[in-house]
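This briefing is meant to be read alongside the sequence and the coordinates.

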Amino acid sequence: MSDLSHPPSLTAPGDPATPDPAVSATAPPGDDRREIVGRSPNQLAWLRLKRDRTARVSALTLAAAGLVALGAPLLGRLTGIDPTDKFVGRLNDFGMPIGYAGGISADHWLGLEPGSGRDILLQLVYGLRTSLFIAFASALLASFIGVAVGVLAGWARGWLDSAVNWLIDLTLAFPFLIFALAVIPILQDRFYTEREAPPPAFRVALIIATFGLFSWTYTARLVRGQVISLREREFVEAARAAGAGTGHLLFRQLLPNIWAPILVTVSLNVPQFIAIEAALAFVNIGVTEPTPDLGRMIYNSIGYVASDPWYTLFPGLTIFLLVLAFNLLGDALRDSLDPRSTR
């Protein structure tokens with residue numbers, strides 16, 4: 001008779017032990033009995049994400065970029081250099097930095113900007129902070145609008161659902177980048193004349209509002225489909241039968257079950273906004289002087305690519321690594337939250 005005090009082994013005899021991430025076996029030392037501990041879907045997603053090497057490298061890269069951006073004022077105090085300081089005395093008669101590789105030295109680790117003489121490292125660090133702030137603020141605004149519209153469209157029925165769908169389709173018909181190129185100068189001219197220079201904060205707020213108001217459609221369509229698939233599920237019907245109101249059903253029953261695709265959408269919107277903001281600055285419609293910006297650094301370096309390629313390399317490489325790390329982390333996050341996805 002088999003000993004029922006010992007549960008059967010979870011692996012075949014002779015096979016290497018491969019622990020299941022859904023359970024964990026715990027037992028006191030010297031005791032053969034194992035206690036099976038279940039894990040929630042959120043815990044399983046976190047375990048899958050931690051085991052993904054690409055996700056770890058991407059997260060560390062983004063964490064380092066975030067710390068550098070937040071520590072920009074500290075770096076300025078340590079070096080004693082302001083991003084707007086101009087070291088024209090270290091430029092030659094042609095406006096080019098004196099020294100090796102664009103003026104790299106112990107005082108200026110990445111050299112100086114040709115023509116202006118500003119420190120490239122301080123411009124890069126403060127420009128990184130500007131790009132990340134605009135991208136995150138725009139992604140949060142677009143996600144908030146998209147979730148609100150998507151929940152309304154998915155929960156409503158009849159003419160309201162049709163009207164919201166028509167609004168989503170109409171907004172999707174606008175080419176976003178071309179629309180941003182047109183609307184930002186028009187709105188600026190609405191509040192400021194040609195002789196008045198708008199403050200940098202106004203242009204930053206205008207860019208964030210433009211990104212958020214015309215990039216919510218994909219989130220809204222995704223959330224709408226999720227709400228339609230969940231509103232007739234048993235747990236929603238049970239809550240409705242128990243007397244739960246519309247607010248409880250939306251915020252306590254539906255939204256907690258669709259946070260995963262919303263989070264993935266936010267993580268994929270951020271690199272998109274970083275690239276678009278840099279593109280707007282490249283055509284001189286983005287952030288204005290004297291606010292540092294990565295895209296404008298590339299725009300200013302066009303005339304010096306042959307003589308000082310380092311000036312173009314540093315901001316371009318920073319944008320490339322940011323967008324790549326965010327995209328890889330977004331893909332890893334999607335795979336960890338959806339175990340049925342094909343890796």
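Over residues 57-76 the chain is 95% helix and 0% strand, with the end C-alpha atoms 28 Å apart; helices (H or I, at least four residues) and strands (E, at least two) are DSSP runs, numbered from the N terminus. This is a predicted model, in which local features need pLDDT of at least 70 and side-chain atom pairs count only at pLDDT 80 or more, while totals for chains, interfaces and linings use all residues. Residues are numbered from 1 along each chain as its sequence is written, and side-chain values use heavy atoms, with hydrogens and water left out.

**Annotated spans**
- Under "transmembrane region", an unreviewed UniProt entry lists residues 57-76, 132-155, 167-188, 200-223, 258-287 and 310-330; UniProt positions are given in the numbering used here, feature names are shortened, and annotations may be inferred rather than shown by experiment.

**Overall make-up**
- The protein contains 13 helices and two strands, and of its 343 residues 40% are buried, where buried means under 20% relative accessible area, exposed over 50%, and partly exposed in between (1.4 Å probe, protein chains only).
- Among contacts (heavy atoms within 4.5 Å) between residues at least 6 apart in sequence, 68% join residues at least 24 apart.

**Nonpolar cores**
- The largest nonpolar core has 47 residues, and those with the most contacts inside it are Phe211, Ile274 and Leu322; such a core is a set of buried Ala, Val, Leu, Ile, Met, Phe, Trp, Tyr and Cys residues joined through side-chain atoms within 4.5 Å.
- Several helices each supply at least two residues of this core, including helix 2 (53-70), helix 4 (120-155), helix 11 (259-282) and helix 13, and the largest share, 12 residues, comes from helix 4.
- Another core, of 12 residues, lies apart from the largest one and has among its members Val147, Leu250, Leu254 and Ile262.

**Surface**
- The protein exposes about 19500 Å², of which carbon and sulfur atoms supply 65%; accessible areas come from the Shrake-Rupley method with a 1.4 Å probe, and for residues only the protein chains shown count as cover.
- Leucine 328, found in helix 13, counts as partly exposed because its relative accessibility is 33%.

**Selected residues**
- Glutamate 277, whose place is in helix 11, counts as buried because its relative accessibility is 1%.
- Leaving out residues up to four places away in sequence, glutamate 277 touches Ser131, Ile134, Phe211, Val287 and Asp293; its C-alpha atom is 8.4 Å from that of valine 287, which is 10 residues apart from it in sequence.
- Phenylalanine 211, with that same exclusion of residues up to four places away, touches Ile134, Ser138, Phe176, Phe273, Ile276, Glu277 and Leu280.
- Serine 336 is placed in helix 13 (residues 309-337) and is buried, with a relative accessible area of 3%; not counting residues up to four places away in sequence, serine 336 touches Ala45, Arg48 and Leu49.
- Glutamine 226, in helix 8 (residues 217-230), counts as partly exposed at 28% relative accessibility, and beyond its neighbours within four places in sequence glutamine 226 is in contact with Ile258 and Pro261.
- Glutamine 226 and valine 151 are 75 residues apart in sequence, yet 8.7 Å apart in space, C-alpha to C-alpha.
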